[in-house]
Amino acid sequence: RFDIKMQYKQLWVRNLKLSDAGIYTCEYGSHKVRTSLHIFKLMISLDGHFLQNEVPELILMQNSSSPLPDLRITLFDSNNNRVTPELQNKSRQKYIVNLKKLESMDSGTWVCQVHSDIPLIDQNISFAVKVLGFQNPDLERKYATVDSTVILSWRLNSQKIKWKEGFAGQLNWKQQESANPHELLDFNVTAQGQLHETKKSSNFLFEIPERKPESTIEVKLPKVHFNHSGQYQCQLEYQGRHAQSKIELVVMKVSGKPVGPLSRGANMTLTCQVSGLLPPNAYLRWERVNGTKMDIKNSKQNEVKLEVNISAAGLWSCHLIEDSDRKISLHYHVEEAAAWTNYVIIGASVGGSLLVFALGCLCIISGTNWQRRRQRAKRMAQARQYLLENKTCQCQQ
């Protein structure tokens, strides 16, 4: 590992080790020149290959012939932002620090800046950090309406950082956090760095889109059902470690009761419902298109179901609003009953009333006649009895 360049009076040392530190003396005739060699060794855990949310451990070691200086360490990430590490262990010979939880955007070249006043040291040591993970938010929420088409997408940064072969993963779906997961598909990276996907579920209606950006996992629900809501979790695996990203799918549906045209003077109840909890800054709103402020009703906080009683036909819309932004809307058309239908209903009501009145009168007349016939029969029976008694008396005479 040592080579002397006599022409330039230089000593070349390749593949430096900590044990190479010390004082080197160059003798040339009666001349002697001493040089102190100070060596740093920087090591990063897991060989610099991480999954998102993992915490790297950085070890800096030093060696020299003189007393080891007290070092000040400053770290800069790949975006040249200063990083404040958590000091775990410190001695003059070894410094151990833990970095922050990594995100996919932290991939790149980091710099460890080493400084000392006595002796004067200003040394920048660069090292590579590769973070495989998702470019999605930590917990993404996506809204959809019943019978619509939705695409759930997870964007990996494997192509961006040229991740090597050896990681795999799967995509699971479950309606609630405590429910049993259903595996929809699994995937792995090929030797050429391409993602290969395999559909697993046979009783769940979904598709894998053919055209999509590289390093993107997508699931297409061509016709969303209300019970398709829940958590869709994409999980990565690399050397026995895991990273995951969740998308919460919230589905909206609307209905009216009673179903059918709205008659004049009648009422109808419209119901708007979402399948999952809403964030505190989100709410539901019913309103009639081209209506008035009286036709608007908002849900309260944490309400996932909003009902409104209406008496006016037209196009009614339910909106899901988050931070004053309409995320999704679903319409319900309330038809007005035709005029002849109203007349038929009115006529039927009037006719029914008259029929009831007529039946009542008939019952009264029939009752009166029956009472009269009963009284007449009673009088006739009394008359016959009287005649019989008088005839009997005449025969005795």
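Which cysteine does the disulfide join to Cys-272? I found Cys-318, with an S to S distance of 2.0 Å; a disulfide here is a pair of cysteine sulfur atoms within 2.5 Å.

Before going on, I noted that this is a predicted model, where local features need pLDDT of at least 70, side-chain atom pairs count only at pLDDT 80 or more, and totals for chains, interfaces and linings use all residues. Residues are numbered from 1 along each chain as its sequence is written, and side-chain values use heavy atoms, leaving out hydrogens and water.

**Cysteines.** I searched the whole structure and got one disulfide. Cys-272 sits in strand S22 (residues 268-274) and Cys-318 in strand S26 (residues 314-322), so the pair ties together parts that are 46 residues apart in sequence. Strands are DSSP runs of E, at least two residues, numbered from the N terminus. The S-S torsion is about -80°, so this disulfide is left-handed. I found both Cys-272 and Cys-318 buried (under 20% relative accessible area; exposed is over 50%, partly exposed in between, with a 1.4 Å probe and protein chains only). I also checked Cys-112, which is buried at 1%, and Cys-26, which is partly exposed at 39%.

**Strand S6.** Next I turned to His-49, in strand S6 (residues 49-51). His-49 is buried at 15% relative accessibility. A polar atom of its side chain lies 3.1 Å from the backbone oxygen of Asp-47.

I traced an open sheet of five strands, ordered S6-S13-S12-S8-S9 with mixed pairing. S6 and S9 (82-83) stand at the edges with a single partner strand each, so one side of each lacks a neighbour in the sheet. S6 pairs with S13 (residues 121-132) in the parallel sense over three bridges; two strands pair if DSSP finds at least two bridges between them. Phe-50 has Val-131 as its bridge partner in S13.

Terms used
Helices (H or I, at least four residues) and strands (E, at least two) are DSSP runs, numbered from the N terminus. A polar contact is a pair of N or O atoms within 3.5 Å; within protein, one must be able to donate a hydrogen and the other to accept it, and residues adjacent in sequence count only if both atoms are side-chain atoms.
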